[in-house]
Amino acid sequence: MTKTDELTLAAEFPQATYEDWRKLVDGVLKGAPFEKLVSKTSDGLKIDPIYRRAQGAAPVAGRAAAAPWQIMQRIDHPDAKAANAQALHDLENGATGLTLVFAGANGAHGFGLDPSAEAVAQVLDGIYLDAGIGIELQIGLQSRMAAAHVAEYIKRKGLDPAACDISFGLDPLGSRAVSGSSPNDWAEIVTAVTSVAKDLAAMGFKGRLAAADGRVIHDAGGSEVQELAYVLAAGVAYLRAIEQAGIALENAQGMVYARLAADADQFLTLAKFRALRLLWARIEQASGLTPKPLFIAADTAWRMLTQRDPYVNMLRATIATFSAGLGGANAITVLPHTLALGLPDPFARRAARNTQLVLLEESNLAKVSDPAAGSGGIETLTKQLCEAAWSLFQEIEKAGGMFPALEQSLIQRKVAATRATREANIAKRKDVLTGASEFPNLHEAEITVLDATPVVLPPDGEAKFKFDPLPPMRLAAPFEALRDKSDDKLKASGARPKIFLANLGTAADFTARATFAKSFFETGGIEAIDTQGFADPAALAAAFKASGAAIVCLCSSDKVYAEHALSAAKALQAAGARHIYLAGRPGEQEAALRNAGVGDFIFAGGDALAMLQEAWRRMERA
């Protein structure tokens with residue numbers, strides 16, 4: 001084969017153009033508008049189904065070329081000795097950094113390390129902090145002294161502070177935003193931050209001091225634009241505070257870093273991380289600084305975790321890690337898949353660690369810098385996020401900055417509106433959480449977590465300033481509450497509440513809607529009793545009576561409903577059915593069906609959560 005010989009894949013076919021794809025799509029749409037395929041984010045940003053390649057796009061500067069991100073492992077066991085054992089094990093088995101989550105931190109979720117000097121020393125015992133190990137602190141108001149204790153430990157050990165890779169994680173804005181209160185005004189907060197900055201600088205620490213933590217917004221149900229704008233505003237507030245400590249702006253530049261949530265929306269997460277780098281570079285330029293790549297830490301998202309079928313959380317975390325890694329995150333912490341149930345056991349911790357190891361060592365995701373550069377869809381989404389987030393950031397700045405904006409509930413109102421829309425989409429199962437809001441498994445095995453007592457810290461002084469809080473939430477929680485009630489009933493009585501599936505006709509007639517109905521009711525912990533198809537109303541009524549169920553759902557095709565639904569409903573009502581559902585939209589027969597005894601109709605797009613909650617109320621009233 002000569003050098004000029006080419007074996008280009010599909011070279012004999014003409015090159016496909018954008019117009020060629022549009023013709024194919026239009027053929028499938030059969031006259032329907034192309035806009036039908038256009039979706040929108042929670043910020044109202046438009047996402048087209050197909051894009052042209054972005055011309056002239058350059059990679060977004062992030063990690064060094066081909067450099068892997070830091071594999072951070074979460075350390076949050078309340079017992080310092082156990083936490084130290086976990087830390088050493090993780091470092092011995094592939095982790096390249098540790099995320100020390102202290103009690104009271106925004107991401108502690110009920111657990112966390114003891115912030116005392118003695119506990120900090122025990123947790124760090126035997127860890128070579130000057131050997132390239134990344135350490136990130138997640139601290140709250142009650143545990144803020146942990147940063148000083150870590151610094152003092154390093155000094156006491158005779159280590160060079162400049163050789164230690166420490167992200168101190170000071171975030172007084174984040175702590176106050178979540179709690180909705182503050183014992184201090186902003187001037188006092190700035191004084192505290194500047195004092196810490198001076199002390200750490202005097203000790204020789206030159207690294208990352210303050211964290212602009214976007215998880216505050218994401219955990220509360222906010223949008224990508226709101227998260228980015230919050231990070232910008234918090235980052236600028238910290239940059240100003242550190243400069244007030246007498247530290248040159250060029251040095252203060254490297255003392256502020258960001259933390260973002262990475263969730264299972266692959267493209268939005270990837271674009272969000274890229275957008276933050278571009279936005280922060282714009283702030284640096286406006287400050288008269290030469291832009292340097294912002295250090296961005298990532299946590300996989302708390303709000304997407306489910307207690308039910310938690311193994312699916314592994315898949316969600318993998319997508320989130322993939323997206324954050326390709327988006328240029330410098331460090332990633334994977335929340336173990338059982339964290340919503342309690343303190344994770346060794347298996348869950350190992351799975352969290354290995355999620356990153358596999359993506360880095362086997363999939364080689366870090367080998368290409370910004371692989372999304374030039375992608376029409378990702379470049380467009382990145383630009384849209386930048387424009388919308390910058391506009392909201394300007395709105396926050398006009399309000400006086402992040403703390404005054406919190407006092408005015410400027411950001412909280414926007415997050416609350418987004419959260420309400422998000423909760424409505426979950427309730428209607430427009431947004432699906434596998435294993436929780438759809439495809440449930442009532443017979444899943446019990447998940448093991450460590451036997452550890454949650455940590456409750458006393459309040460940190462009197463709340464002199466109060467405003468609307470931004471409490472964390474999990475999207476699956478409303479459905480899980482119904483599943484919990486079902487488990488309690490099973491333990492108390494030996495049986496779950498049941499619904500009888502009144503399948504009409506042949507399997508070809510009822511299977512699709514019976515499958516839908518089974519998933520629908522079992523997401524609320526109501527066990528579905530499946531049946532063979534019935535043609536005789538008397539036989540159907542007898543089978544219902546024998547089932548012991550109190551409620552029933554008719555399942556079949558529209559054609560069979562037209563012929564048999566009325567007689568079936570009347571027979572079931574006569575047999576004592578407390579409430580009759582029908583799987584499908586009511587259509588022209590609605591009035592007749594309701595007269596025959598059908599009370600509600602279940603279908604895709606309806607408010608499943610409200611329907612299930614009402615079903616429980618009916619059963620409890622009986």
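This is a predicted model: local features need pLDDT of at least 70, side-chain atom pairs count only at pLDDT 80 or more; totals for chains, interfaces and linings use all residues.
**Gln138**

The side chain of Gln138 makes a polar contact with the side chain of Asp299, at 3.3 Å. I placed Gln138 in strand β5, residues 134-138. Is Gln138 buried or exposed? Its relative accessibility is 2%, so I count Gln138 as buried, the cut-off being under 20%. I then listed contacts, leaving aside neighbours within four places in sequence. Gln138 touches Thr99, Leu100, Val101, Phe102, Ala105, Gly107, Arg215, Arg259 and Asp299.

**Sheet with β13**

Next I traced an open sheet. It has five strands, ordered β14-β13-β15-β16-β17, with parallel pairing. Which strands stand at the edges? I found β14 (527-529) and β17 (598-602) there; each has a single partner strand, so one side of each lacks a neighbour in the sheet. From one strand to the next, the twist averages 30°.

I checked the pairing of β13 (residues 498-503) with β14: three bridges join these parallel strands. Lys498 has Glu527 in β14 as its bridge partner. I also noted helix α18 (residues 537-547), which packs on the sheet and touches β13, β14 and β15 (551-555). The direction of α18 makes about 165° with that of β13.

**Helices α13 and α15**

Last, I took a helix pair. The axes of α13 (residues 376-398) and α15 (residues 410-427) come within 10 Å and cross at roughly 145°. Which residues make the contact? From α13 I noted Leu392, Glu395 and Ile396; from α15, Leu410, Ile411 and Lys414. By class, I read four nonpolar, no polar and two charged residues in this contact.

Methods:
Residues are numbered from 1 along each chain as its sequence is written. Side-chain values use heavy atoms; hydrogens and water are left out. Two strands pair if DSSP finds at least two bridges between them. Helices (H or I, at least four residues) and strands (E, at least two) are DSSP runs, numbered from the N terminus. Axes are lines fitted to C-alpha atoms, for helices over the stretch in contact, and angles run from 0 to 180 degrees between N-to-C directions. Contact means heavy atoms within 4.5 Å. Ala, Val, Leu, Ile, Met, Phe, Trp, Tyr, Cys and Pro count as nonpolar, Asp, Glu, Lys and Arg as charged, and the others, Gly among them, as polar. Buried means under 20% relative accessible area, exposed over 50%, partly exposed in between (1.4 Å probe, protein chains only). A polar contact is a pair of N or O atoms within 3.5 Å; within protein, one must be able to donate a hydrogen and the other to accept it, and residues adjacent in sequence count only if both atoms are side-chain atoms.
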